[in-house]
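I opened the model to take notes on its fold and its ligand site. The entries follow in the order I looked things up.

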Amino acid sequence: ALANTLEIIAGGGSINPQLFGSQAAEVLGGVGRVLVLACGTSYHAGLVARYWLEAVAKVPCTVEIASEYRYRDSVPNPDTLVVVISQSGETADTLAALKHAKRLGMTRTLAICNVPESAIVRETALRFITRAGPEIGVASTKAFTTQLAALALLTLSLAKLAGRLSEADEARYLTALRHLPVAVQKVLELEPEIERWAQRFAGKQHALFLGRGQHWPIAMEGALKLKEISYIHAEAYAAGELKHGPLALVDKEMPVIAVAPADELLEKLKSNLQEVRARGGELYVFADAGSEIPASEGVHILHMPEHYGMLSPVLHVVALQLLSYHAALVKGTDVDKPRNLAKSVTV
Ligand code: F1P
């Protein structure tokens, strides 16, 4: 799916904002801020992209849960680019939020969507069709990774239009993006080990996910996937929040899943992990290649095949998706059709 999405940059040697449509230069040029509106997994993609948009394109970004956005008196700003993210393109709340933003006068609009002829796509000035192929299950998985790829391309396009992307950085990001499907393939090879971890979730009712920085939303997505398909109650926290409440939940019955890439936040995260261990919590750590986090009793470590910088969330989420998948198989739930959920929430 990722290879399909990224085919659009396979041949070209540069980032071309026209990836988003013929009016891209008009709509994206001079954007002063970004407002992302989305639900569920698509909302988490927006939360990751906020880190990219602010760090690379230097554009302030707000990410709103679409089902709540229209109930606030938000202050409109005409230089805002409204980005709606939706796998199906039919999610009623996302569509309503988009229409609300347009009524407020925000006309620069972009849909990141998997379905070309969908209601949301028809409402926006620009669109990026992720071409992930049909999602077989209810829970979004490949939709999420392809949304992230699209959002990385958006970040680079905005940076380029604003003159904030050097040629060297552009070449570096393009290389990383093109190599992404291969990198994900290597994560899939970790499946046997992840499956072994999942066996240990058989009798579990609760789990805690921790992350920091751009991997905090990845922890959120990991928790959502586990809830959706295995019915294990899962919560995600920014690791620094542990001592502000959730630490009270940690005992030897609580599996704690940590997203621990080798970035500048790793040392802080490690001290959070010690706080968990000191309370007997069993740790499942998704570390990066080369990370020095020693395995010990109650501390399980899995190393991602390579450290992937800005795009590392794409690799880490695939590992978490596999964990949920295997936990669901162990629990005997229907991974494709979880109870009470619909693929597309149109009412
Ligand atoms: C949003 C969403 C999905 C979730 C489920 C229910 O859908 O929350 O993330 O997996 O299918 O709807 P969409 O707007 O991305 O189609």
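**Overall fold**

I began with the radius of gyration, taken over C-alpha atoms (globule rule: 2.2 Å times the number of residues to the power 0.38). A compact globule of 347 residues would have a value near 20 Å, and the protein chain has 20 Å, so the two agree. I note that this is a predicted model: local features need pLDDT of at least 70, side-chain atom pairs count only at pLDDT 80 or more, and totals for chains, interfaces and linings use all residues. Residues are numbered from 1 along each chain as its sequence is written.

I checked the extent next. The C-alpha trace spans about 55 × 45 × 35 Å along its principal axes. I then listed 12 helices and 10 strands in the protein chain. These are DSSP runs, numbered from the N terminus: helices are H or I with at least four residues, strands E with at least two.

**Ligand shell**

I looked up the ligand and found 15 residues around it, the closest being Gly40, Thr41, Ser86, Ser88 and Thr91. A residue is near if its C-beta atom, placed from the backbone, lies within 6 Å. Helix α3 (residues 40-57) gives the most to this shell, with 3 residues.

**Gly46**

I stayed in helix α3, where Gly46 lies. Gly46 is buried, with 29 other C-beta atoms within 10 Å; the cut-off for buried is 20 or more, with C-beta atoms placed from the backbone. I also looked up a C-alpha separation: Gly46 and Ile85 are 7.5 Å apart, and 39 residues apart along the chain.

Notes. Buried ≥ 20, exposed ≤ 12 C-beta atoms within 10 Å, placed from the backbone.
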